[in-house]
Amino acid sequence: MTGEARALVVGEALVDAVRRTDGTRDEHPGGSPANVALGLARLGRRADLLTWLGDDADGDLVRRHLQRSGVHVLRGDRAAVRTPVATAHLDAEGVATYEFDLEWDLPSSWAEDDDAPLVVHTGSIATVLAPGAAKVAALLASRRATSTLTYDPNLRPALMGDPAAVRPVVERLVALADVVKVSDEDLAWLRPGVAPAEIAEAWSRSGPALVVVTHGGEGAFAVTSAGARLSVAAPRVTVADTVGAGDSFMGGLVDGLWEAGLLGADRRAALHDVDAATVQAVLERCARIAAITVSRPGANPPRRDELEEPTDTTEGTDA
């Protein structure tokens with residue numbers, strides 16, 4: 001497979017245990033970066049995932065799930081003692097809150113093609129939880145000369161503690177990244193009382209070419225370093241649950257920029273000069289992808305051919 005354009009996704013993969021208000025429970029492979037890799041693979045992109053799984057039954061479950069959709073799970077010289085588990089508690093509207101039983105680290109070495117990936121993506125727990133977080137930041141910095149860097153903070157307050165301690169970590173990665181996607185809920189926790197648009201404007205001046213803020217069922221807006229300001233509505237769908245919606249939006253964002261020929265370090269200047277019409281088209285497709293994801297249980301993003309099917313309409317998404 002050497003020479004094939006690819007994405008490298010770095011971050012946690014785990015088992016999501018979903019608990020509903022009626023007492024029922026399901027288990028699905030998940031983890032924000034793993035879900036992004038899954039979404040990219042289902043959209044026809046080569047996605048390599050560098051993660052931290054145990055050599056146990058849960059780890060085998062996660063690997064099989066990802067590999068069935070075409071994700072290449074990279075093997076390293078070390079593995080987790082046990083595969084992480086996150087429990088999502090769903091309220092009556094299907095909105096998830098999380099609790100976690102996990103450790104996060106990276107192997108010292110792993111098998112990966114010599115050709116540089118077009119894009120390196122990371123986010124969520126992997127960028128905050130020691131000891132792996134510092135290794136992720138160093139890996140990203142080392143790939144900036146060859147790859148577009150994308151980042152989704154996807155914050156988990158139940159695990160991450162004090163937002164004042166997390167904020168410098170997030171802002172350093174924002175400044176390093178070329179593309180940032182963040183939810184309004186993340187921003188409300190990270191910078192309480194500050195308008196999301198104000199934060200996005202500040203972030204767009206710190207380094208990224210594109211900052212996208214999602215507002216769940218209200219859609220999303222984007223700020224570019226070239227000065228464009230635009231928004232997109234969320235399609236109206238019947239919501240099964242919101243697990244993985246933001247991750248599928250993120251995968252769609254990477255895929256859309258890939259389709260537009262804007263990925264790779266040699267395209268960094270073009271990405272900074274991207275026109276509003278291109279961003280608008282990418283965001284509309286991202287919203288469509290997220291809508292399909294929330295219309296069915298679990299983190300189950302669509303394949304490319306599903307994007308042509310009609311969308312049912314009643315409730316908004318949560319990305």
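**View 1. Asn35 and the residues around it.** Leaving out residues up to four places away in sequence, Asn35 touches Pro29, Gly30, Gly244, Asp247 and Ala299, where contact means heavy atoms within 4.5 Å. This is a predicted model, in which local features need pLDDT of at least 70 and side-chain atom pairs count only at pLDDT 80 or more, while totals for chains, interfaces and linings use all residues. Residues are numbered from 1 along each chain as its sequence is written, and side-chain values use heavy atoms, with hydrogens and water left out. Asn35 sits in helix α1 (residues 32–42); helices (H or I, at least four residues) and strands (E, at least two) are DSSP runs, numbered from the N terminus. Because its relative accessibility is 7%, Asn35 counts as buried; buried means under 20% relative accessible area, exposed over 50%, and partly exposed in between (1.4 Å probe, protein chains only). Its side chain also makes a polar contact with the side chain of Asp247 (2.9 Å). A polar contact is a pair of N or O atoms within 3.5 Å; within protein, one must be able to donate a hydrogen and the other to accept it, and residues adjacent in sequence count only if both atoms are side-chain atoms.

View 2. At the N-terminal end, Asp275 caps α10, with a side-chain oxygen 3.2 Å from the backbone nitrogen of Ala277. Buried residues of α10 include Val279, Leu283 and Ile292. The helix's buried residues pack against β11 (210–214), β12 (220–224), β13 (229–232) and α8 (245–259).

**View 3. The open sheet.** Follow the nine strands in the order β5-β4-β1-β8-β9-β10-β11-β12-β13, with mixed pairing. At the edges are β5 (72–73) and β13, each pairing on one side only; two strands pair if DSSP finds at least two bridges between them.

**View 4. Strands β8 and β9, with helix α3.** Here β8 (residues 119–123) and β9 (residues 148–152) run parallel, joined by five bridges. Look for His121, whose bridge partner in β9 is Thr150. Helix α3 (residues 132–143) lies across β1 (6–10), β4 (46–50), β8 and β9, running at about 160 degrees to β8. Axes are lines fitted to C-alpha atoms, for helices over the stretch in contact, and angles run from 0 to 180 degrees between N-to-C directions.
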